[in-house]
Amino acid sequence: MGVSNIVFIVLLVAAGALFAKNAGKIARNIRLGRDLKRNDRPGERWKIMARVALGQSKMVVRPVAGIMHILIYVGFIIINIEVLEIVLDGIFGTHRLFAPVLGNTLYYFIINSFEVLALLVIVACVVFLVRRNILRLSRFTQPEMKSWPATDANIILVVEILLMGAFLTMNAADSTLMMYAHLGALPDDLMHYASLPGHDGFLVSQWITGLTPDDPYAVANLERAAWWFHIVGIFAFLNYLPYSKHFHILLSFPNVWYSNLAAKGQFTNHEAVTREVKLMLDPSADPYAAPAEGGGEPERFGAKDVRDLTWKQLMDAYTCTECGRCTDECPANQTGKLLSPRKIMMDTRDRLEEVGKNIDKHGKEHDDGKALLRDYISEEELWACTTCNACVQACPVNIDPLSIIMDLRRYLIMEESKSPESITAMFNNVENNGAPWAFSQADRAKWIEES
């Protein structure tokens, strides 16, 4: 085993360990949420995951962005098969380990397919960069998309272009060395590159072989440089994911599987309130009975901070791709109101990250005196929501911003008795008249006489 193999193994182990550590923190943060049972109707859940996450069915509603995203998605998945060969070559010091195993014909076909995908990924990334930075589509220029969110998107697109470029450069250099071997001009100490007899160049990278140096050793150095850049770049990309919105690459599938299967518009009852109402309606119940021992702390009505949300709502926050389709479809946002469903999800993730860092630094019970409500999300944003579910329907990975908005509203009303004047009047009418309107029950049918 050579020095390069040892260096590679050290990098591989370090990258894996660091990623596991940071991914573990995200899993810990998600588990801070309240319990929620979401494992019913498994057959239906698998179908939704296959259609929405694997089939990208909601992405293609907008064809240009949808097709470009599918190219990157398919390229990312399939090209990773090639990464397996690179990793094994790095560990064992081999060169194109799978070639003799698969046979030249099949191996050429696979690598050529990867090269076509790599080219399409580059094209898609360039299109996305143009849409964001030159065309400046409105949903990428919203107030919440300044600073890091905009930088994050550009970083990942540029990195993907560089990784695909390194892959094609590596193959082009390899093809040149094969050509030297075919002509009998490859030095003996480079003969391990002659592992593909009869090789005439790969489908895409053959067009850049003319840019490789004339000296075989310089070409070999170029191939090694591209090889190391490609694999080290993948290690870096892996460890960038936990700090980026691109963690959705890993969470999209489970997030869709745990989708809310209830009909849109169906709200949940608060369990504690439901118990109280049932107790009030039960003639045999003792209204003055003391709470049972071991009942624990009274549950908070609604949500003030991220720990009051469910684990699924917190997973939604980490799964958000910041694509802005939710905000683009939001009628409140379209009419100039402050609400942006995307910002609700980004704020929830930012606050959860802050809570996680506090736990790392001060322990699990630390209270920094801040909360998701007001420190991140204002009351004005919450009351701008029309609960139309357009954001839920538009999300490509079935994120539910509305559920967070409703839980924060529920806290405002039930814990702080705060609501807009119009809603307070409606509450009073329901309480006094049994209906949302300011008419007594005896006057309800008067409209018939008036007509």
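Let us begin with Asn29, which counts as buried because its relative accessibility is 3%; buried here means under 20% relative accessible area, exposed over 50%, and partly exposed in between, with a 1.4 Å probe and protein chains only. Please note that this is a predicted model, in which local features need pLDDT of at least 70 and side-chain atom pairs count only at pLDDT 80 or more, while totals for chains, interfaces and linings use all residues. Residues are numbered from 1 along each chain as its sequence is written, and side-chain values use heavy atoms, with hydrogens and water left out.

Asn29 lies in helix H1; helices (H or I, at least four residues) and strands (E, at least two) are DSSP runs numbered from the N terminus. Its side chain makes a polar contact of 2.8 Å with the side chain of Arg28. By polar contact I mean a pair of N or O atoms within 3.5 Å; within protein, one must be able to donate a hydrogen and the other to accept it, and residues adjacent in sequence count only if both atoms are side-chain atoms. Setting aside residues up to four places away in sequence, Asn29 touches Leu314, Tyr318, Leu352, Glu353 and Gly356, where contact means heavy atoms within 4.5 Å.

Leu196 sits in the loop between helix H6 (148–182) and helix H7 (216–240). Leaving aside neighbours within four places in sequence, Leu196 is in contact with Arg96, Ala99, Asn104, Tyr107, Tyr108, Met178 and Phe202. Leu196 and Pro100 are 96 residues apart in sequence, yet their C-alpha atoms are 8.3 Å apart in space.

Finally, the chain as a whole. The chain has 19 helices and zero strands, and buried residues make up 44% of its 451 residues. Among contacts between residues at least 6 apart in sequence, 78% join residues at least 24 apart. The C-alpha trace spans about 105 × 55 × 40 Å along its principal axes. The radius of gyration of the chain is 29 Å, whereas a compact globule of 451 residues would have one near 22 Å; the radius is taken over C-alpha atoms, and the globule rule is 2.2 Å times the number of residues to the power 0.38.
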